[in-house]
Amino acid sequence: PFINDLIASIKVIGQIQQSNGEQGCHRYVISNCQSAINVIQVYQLAKLLLAKGNDLRLDIVPLFETIEDLAQAPQVMDVLYGIREYREHLKRPGNKQTIMLGFSDGTKDGGYLRANWSIFRAKENLTRLSRKHGLTAVFFDGRGGPPARGGGNTHDFYASLGETIEDK
């Protein structure tokens with residue numbers, strides 16, 4: 001049943017894009033992402049079901065949630081960035097990789113302060129790593145994350161973090 005649901009969800013993305021254009025649905029978030037293989041599995045499946053030739057119009061977004069996953073996120077992304085075909089895929093959206101960082105699981109894991117600190121450190125490390133590979137990290141926070149707590153514009157929140165964290 002899980003595999004059938006996964007295949008159906010990816011097929012629906014194709015239907016949405018056909019009806020509404022690519023921007024109608026162009027991201028697939030992988031909840032509880034713990035390894036590069038999680039991303040590559042979705043990438044390959046989506047490529048089989050949606051791509052026209054080698055052109056897959058879908059951003060694969062890993063979601064790192066727990067304290068441990070946040071700490072391991074740079075190693076996971078380093079492996080992904082080292083896969084030639086995946087790097088080729090990242091050229092289409094302008095050499096950008098969207099990465100989602102969860103808050104609620106980190107809070108359950110390590111408490112409010114540790115979750116926020118872990119997200120901050122993950123963003124610094126992912127920014128540094130992405131830049132090293134000639135890529136731009138685009139961060140997407142879970143609704144419980146720091147930008148959601150204080151109100152205001154998210155881009156202003158990111159800009160306030162300094163130059164060590166991408167503000168896209």
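Two strands pair if DSSP finds at least two bridges between them. Strands (E, at least two residues) and helices (H or I, at least four) are DSSP runs, numbered from the N terminus. This is a predicted model, in which local features need pLDDT of at least 70 and side-chain atom pairs count only at pLDDT 80 or more, while totals for chains, interfaces and linings use all residues. Residues are numbered from 1 along each chain as its sequence is written, and side-chain values use heavy atoms, with hydrogens and water left out.

**The sheet.** Select the four strands together. They form an open sheet in the order S1-S2-S3-S4, with parallel pairing. S1 (27–30) and S4 (136–141) are the edge strands, each pairing on one side only. On average, neighbouring strands are turned by 30° against each other, direction ignored.

**S2 and its neighbours.** Now select S2, residues 59–64. Its pairing with S1 is parallel and has 4 bridges. Show Tyr28, which stands opposite Ile60 in S2, and then Ile30, which stands opposite Pro62.

Is S2 buried or exposed? Buried means under 20% relative accessible area, exposed over 50%, and partly exposed in between, with a 1.4 Å probe and protein chains only. Of the 6 residues of S2, 6 are buried, so the strand is largely enclosed by the rest of the structure.

**Two helices.** Select H3 (residues 67–81) and H6 (residues 112–132), whose axes come within 8 Å and cross at roughly 10°. Axes are lines fitted to C-alpha atoms, for helices over the stretch in contact, and angles run from 0 to 180 degrees between N-to-C directions. The crossing makes H3 roughly parallel to H6 (angles under 35 degrees count as roughly parallel).

Show the side chains where they meet, contact being heavy atoms within 4.5 Å. The H3 residues include Leu70, Met77 and Tyr81, and those of H6 include Ile119, Leu126 and Leu129.

Terms used
Parallel < 35°, antiparallel > 145°, perpendicular 65-115°, else oblique.
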